[in-house]
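Subject: Structure for you to look at

Hello,

Here is the structure I said I would pass on. Please open it next to the notes that follow.

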Amino acid sequence: MDARVVGLEPAATASDAWTRRGFTAVVLENSRLRATVLPEHGAKVWEFSSKRAGRDLLYHHPRFDVRPPVFGANVDDWWTGGIDEVAPTGHACVIGDEALPFLGEFWSQPWRYEIENPGPEVARIHLCAGGIIPPLRIDRWMELRPDEPFVRSRHRLTNVGYEPFDFMWGIHPGLDVRPGSRIQAPAEEALYEGGRGVDTPDGTRYAWPELPQQSGGTLDLSVARRPDPPAVEQHFLTRLRAGWLAVTDPETRSGFAMAFDKEVFPVVWLWSVYGGWRGIYTAAFAAWTALPGRLDKVIEAGRQRRLAPGETLESEVRFIAFEGLTSVSDVALDGRVSGEE
């Protein structure tokens, strides 16, 4: 309910008086949105709901819910959607003599948290976790203000070890999409890594969003397709003109956007699943520091980020709920979303 309807001052609140399937749930809420974070499940943003649109913008697995994660497990068997923070690798790989788990290890760990300000003018929480294998600490501050349709999310990575540390890092939303949803980012080029359900050779480079087909013509990847045939694909979007991504549902004229610093996150990953993997339909559309998906391959290509002992990398992203648009043309770092109505 909008507080103004009942004559109250607009407010933003942060509260941990909630649970989800046995997990502590920390809720950031104002008149425009509700964001629910599960600190004990890798600080996953489990819910990001637009109150005006009346829907959660994140994907939720249709057959199972969140459950206690297991370190080192195959994340595919635990992934239920939401927004996860990924480091120091995407896909599992071996660096030196250490086996790094799929989507890293922070998704499977409990994070500590503190409500730094419960509101009403500013609601802010602090979450943090340290690596088991990597000498890495991640701190995240999430802040919500009255009537704003976005969460300010500030992230800091710190090398707490004694040697330089190489890594890759991603902010990984799993989003609610349906046939016809618009999937948009200001990329000039892309790489199709592979999958099934499209008539395109693995490793094809192309001008985003038109994926060439061997049989002729192209597929417009900015529009989610029907699962006919069922498909699953991995794409890396590069040469970003600006740092943002957006997914819009034209039917409800609402969607999710993320604004970020493209100098920190120069690549957008798109994992589109149109019925071709485990019978689900979703898209993970994520900001990353590098491609491809494995840290060992990223290091071979010289694309890794490196932190010296005690050094930090800090960046702010904005998670945005927007309404009134059928397509997005721009997302500003201050949270403003523009496009077709």
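Buried means under 20% relative accessible area, exposed means over 50%, and partly exposed is in between, with a 1.4 Å probe and protein chains only. Strands are DSSP runs of E with at least two residues, numbered from the N terminus.

Before going on, note that this is a predicted model, in which local features need pLDDT of at least 70 and side-chain atom pairs count only at pLDDT 80 or more, while totals for chains, interfaces and linings use all residues. Residues are numbered from 1 along each chain as its sequence is written, and side-chain values use heavy atoms, with hydrogens and water left out.

Strand β16 (residues 187-196) pairs with β20 in the antiparallel sense over eight bridges; two strands pair if DSSP finds at least two bridges between them. Within that pairing, G194 has Q234 in β20 as its bridge partner. β20 also pairs with β23, again antiparallel, over seven bridges. There, H235 is bridged to L270 in β23.

**The open sheet**

Eight strands form an open sheet in the order β9-β10-β11-β12-β26-β22-β21-β15, with antiparallel pairing. At the edges stand β9 (112-118) and β15 (182-184), each with a single partner strand, so one side of each is left without a neighbour in the sheet. From one strand to the next, the twist averages 15 degrees. β15 is joined to strand β21 (residues 244-249) by three bridges in the antiparallel sense, and R182 has T248 in β21 as its bridge partner.

**Cores**

A nonpolar core is a set of buried Ala, Val, Leu, Ile, Met, Phe, Trp, Tyr and Cys residues joined through side-chain atoms within 4.5 Å. The largest has 64 residues, and F48 and F285 touch the most other members. Apart from it lies another core of 20 residues, including C93, F236, V267 and W269.

Leaving aside residues up to four places away in sequence, F48 touches several residues, among them L33, V151, F256 and F319; contact here means heavy atoms within 4.5 Å.

**Aromatic rings**

Rings of Phe, Tyr and Trp (its six-membered ring) pair if their centres lie within 6.5 Å; planes under 30 degrees apart count as stacked, over 60 as edge-to-face and the rest as tilted. By this rule there are twelve aromatic pairs. In one of them, the rings of F256 and F319 have centres 6.3 Å apart and planes at 25 degrees, so the pair is stacked. F256 lies in strand β22 (residues 254-259) and F319 in strand β26 (residues 312-323), so the pair ties together parts that are 63 residues apart in sequence. F256 is buried, at a relative accessible area of 1%, and F319 is buried at 2%.

W269 and W288 are also stacked, at 3.8 Å centre to centre and 5 degrees between the planes. W269 belongs to strand β23 (residues 267-274) and W288 to strand β24 (residues 281-288), so this pair ties together parts that are 19 residues apart in sequence. Both W269 and W288 are buried. Ring pairs also link Y59, W79, W271 and W277 into a cluster.

Regards

How values were computed: Helix = DSSP H or I, 4+ residues; strand = E, 2+ residues; numbered from the N terminus. Axes fitted to C-alpha atoms, helices over the stretch in contact; angles between N-to-C directions.
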